[in-house]
Amino acid sequence: MSSEHVEEKIPWLLIIVLTILFGLIVQPWVQMLGPMQTYYNLGLIVCSLGLGSAPFIPLLFLWGLMRLKVIRRKISPIYLVSLFTIGSCAGWYGAWWSSGQTFWDWPNTRFLYPDLFERELPWFLSPPVDALEPVLTGGAPVPWDAWTPTIIFWWAWFFINGFFFVTLATIMRRHWIDIERVPFAQAMVVHELIRRMTKEEDRRGLWHTPFGIGVILGIAFNLPILLTYLFPWFPDIYAWRTNTCGHGAIMSLSDTPLWSIVGISMVNKHPLSVALMYLAPLNVLFTYWFWYFIYLILMQVAFYMGYYTGLNDPGVCPTGCCRAWGPVSVRFSEPYKWNAFSRGAQIGLTIFYLIVTYRYFVETIKAALGKSNAYKDEPVSYRVSYGLFLLAFILFTALMLICGFSLAGAVLMPITAFLFWIANTRVWGTTGTYIQSAEGGVALYRLLMWPKAPEPPTGEFIMAGTWSGWHVNTPVEGNAGSFLSSFCAYRLASLTGVNSRSVFKILLAVQAILPIPFMIGALWVFYTFGGGRVVYHPLSYSAPVSRFANPDNWNRIPGTEPWAHIFFMGMIMTGIVALLHARFVWFPFEPIGFLMAFSDASLFFGMWLPAVIAWVLKTITLRVGGSRLYEDYGIPVAAGFVVGFVTIAFIGGLIGIYRFFHPF
């Protein structure tokens with residue numbers, strides 16, 4: 001593409017100002033929403049999809065101004081890509097638990113377990129107890145002097161993670177974006193919006209275009225949900241407020257025929273999941289639902305053999321969430337221990353991806369060593385990108401050593417991030433959803449360092465379990481979402497003709513700036529209003545002690561003993577599928593769908609149903625009208641639905657904040 005050779009003028013002032021603004025508001029925004037925090041924040045409005053409103057809001061403002069003729073001139077693509085990149089990176093800081101589970105874990109621990117903290121944990125993870133106490137009541141200024149060392153540490157944590165993932169994405173950019181053309185559905189949705197902003201003929205009534213019809217449908221779906229939160233008397237026509245989890249799955253199946261099928265824990269009913277999965281490759285969707293039904297058969301066989309009997313008793317396990325997390329669990333219990341299987345499969349997806357595509361990495365390493373002239377149009381030379389990634393790996397390890405880790409424990413942290421997030425980002429980029437590991441990130445530490453929780457717990461054990469568990473759990477924890485945002489930004493740049501070198505510079509600048517305003521905004525809202533008035537309640541629960549260092553929890557995740565053989569079975573079986581898929585064109589299955597069928601994408605998020613519906617809709621579209629019908633009508637309607645839904649989510653957030661100050 002010729003645009004790769006022309007570097008645009010980057011709007012640095014806009015980028016710096018907007019990054020600071022987003023960083024300052026993302027936490028106050030979500031913390032003021034009360035019961036509306038799940039669907040109307042700037043971060044994850046649908047946590048199962050990693051979908052937030054922040055990447056869309058600046059572009060929606062521009063689109064509205066252009067349709068109203070307030071802005072008449074053409075907007076340069078570099079501005080549009082910059083707006084998306086800032087919003088995408090900032091959104092990962094905008095969910096309520098991105099503050100609580102990453103930033104507040106250690107002040108909570110210091111406040112609740114001061115002796116343990118002083119004995120085992122680094123002092124700079126939290127300010128002193130007396131500096132934390134005002135958070136209980138609010139109405140106090142932030143003691144910045146006490147918080148400064150902690151802010152410095154967490155800036156280093158967030159930035160080094162962002163640096164690590166941006167440089168890794170830059171190494172892999174050409175293969176994922178130019179060769180494989182991984183969809184990255186959210187970038188495709190934004191591209192459809194940008195096309196409407198740059199094409200005069202699409203500035204007609206919304207009902208005259210497929211994209212506009214999708215927008216109207218998205219608004220029509222989300223508006224009644226918003227009204228049920230604003231007005232208790234409004235009918236809950238989708239049973240959204242009463243029987244829907246935060247990720248869009250049905251909360252309880254006990255009164256439905258599905259309850260008799262013990263393998264079904266969650267059934268996702270969110271139409272956004274269908275819209276984004278509609279953009280996924282057909283073979284991924286087919287593999288996913290086919291192997292999920294194999295999973296259901298295996299579970300039913302085990303039930304008749306005497307396993308999982310408690311899952312069929314509403315008195316023992318009344319909800320789908322209980323089936324996933326309860327004492328008798330589809331994820332941890334005998335005989336399958338699916339959580340261990342899927343954790344191995346996830347690492348297997350990464351390892352066998354690297355094996356199957358080894359030629360690409362050999363060529364890039366040759367280019368880095370000066371033995372090849374290939375790939376000159378990259379954001380930076382491969383010598384620079386590999387050098388920066390090595391530097392990021394060293395900094396990541398050094399940060400762990402500073403915290404008191406052993407060398408083995410320190411090195412294992414970036415290795416864990418590398419192995420899990422390459423797989424999870426491939427899943428997200430291909431299907432629009434990801435696999436929530438829910439502490440599954442501890443697998444390598446449990447396998448290699450602590451098969452059983454040490455008693456009493458050591459500082460390294462507490463930190464390693466907490467950071468590896470949260471870091472691999474969702475994109476909002478530990479800034480792992482920067483990996484997803486990097487690929488999305490590169491994908492959008494490819495679609496709009498923006499130079500990837502410009503995107504690389506923007507990504508690094510945003511990663512360096514964002515953590516500081518994020519922490520300033522988060523601390524301000526907690527000290528001003530107090531933990532009892534906002535969504536997250538600091539100083540009330542210590543996940544490092546009560547969750548990760550709790551032997552009852554550690555010793556069963558990703559599976560109770562023995563679990564290693566199941567872990568490696570998942571790795572090997574995923575590898576076999578990957579190798580057969582790469583070797584034989586006729587082979588009907590591919591590894592991403594195979595992994596998802598047995599993972600928390602199904603067992604916790606219930607994404608198997610949207611996969612089935614999307615596969616049916618896309619198959620019909622392609623059979624009836626071929627790729628032209630899909631590209632001219634299918635994609636615009638799906639993208640428009642997402643934009644319409646997000647528009648109402650943003651409006652709902654504004655109303656929720658107003659209600660925080662003026663209840664009605």
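Helices here are DSSP runs of H or I with at least four residues, numbered from the N terminus. This is a predicted model, in which local features need pLDDT of at least 70, side-chain atom pairs count only at pLDDT 80 or more, and totals for chains, interfaces and linings use all residues. Residues are numbered from 1 along each chain as its sequence is written, and side-chain values use heavy atoms, with hydrogens and water left out.

**Phe504**
- Phe504 sits in helix α21.
- Is Phe504 buried or exposed? Phe504 is buried, at a relative accessible area of 6% (buried means under 20%, with a 1.4 Å probe and protein chains only).
- Skipping neighbours within four places in sequence, Phe504 is in contact with Val166, Thr170, Pro379, Val380, Leu388 and Tyr490 (contact means heavy atoms within 4.5 Å).
- From the C-alpha of Phe504 to that of Ile355 it's 27 Å, and the two are 149 residues apart along the chain.

**Helix α1 against helix α21**
- Helix α1 (residues 12-31) packs on helix α21 (residues 500-513) at an angle of about 35°, and their axes are 10 Å apart. The axes are lines fitted to C-alpha atoms over the stretch in contact, and angles run from 0 to 180 degrees between N-to-C directions.
- The crossing of α1 and α21 is right-handed, meaning the near helix is turned clockwise from the far one by less than a right angle.
- On the α1 side you'll find Trp12, Ile15, Ile16, Thr19 and Ile20, which meet Lys505, Ile506, Ala509, Val510 and Ile513 of α21.
- That contact is made up of eight nonpolar residues, one polar and one charged. Ala, Val, Leu, Ile, Met, Phe, Trp, Tyr, Cys and Pro count as nonpolar, Asp, Glu, Lys and Arg as charged, and the others, Gly among them, as polar.

**Cavities**
- The whole structure holds four cavities of 30 Å³ or more. A cavity is a set of points on a 1 Å grid over the protein atoms alone where a 1.4 Å probe fits but cannot get out, and lining residues have an atom within 4 Å of a point. Points are joined across faces, edges and corners, and a volume is the space filled by probe spheres set on them.
- The largest cavity comes in at about 90 Å³. It has 14 lining residues, with Gly50, Pro55, Ser88, Trp92 and Gln186 the closest to its centre.
- Helix α3 (residues 77-91) gives the most to that lining, four residues.
- The second largest cavity has about 50 Å³ of space, and helix α19 (residues 459-473) gives the most to its lining, three residues.

Note on methods: 1 Å grid on protein atoms, 1.4 Å probe; cavity = no way out; pocket = protein on both sides within 12 Å on 5 of 7 lines; lining within 4 Å. Helix = DSSP H or I, 4+ residues; strand = E, 2+ residues; numbered from the N terminus. Buried < 20%, exposed > 50% of the residue type's maximum accessible area, 1.4 Å probe, protein only.
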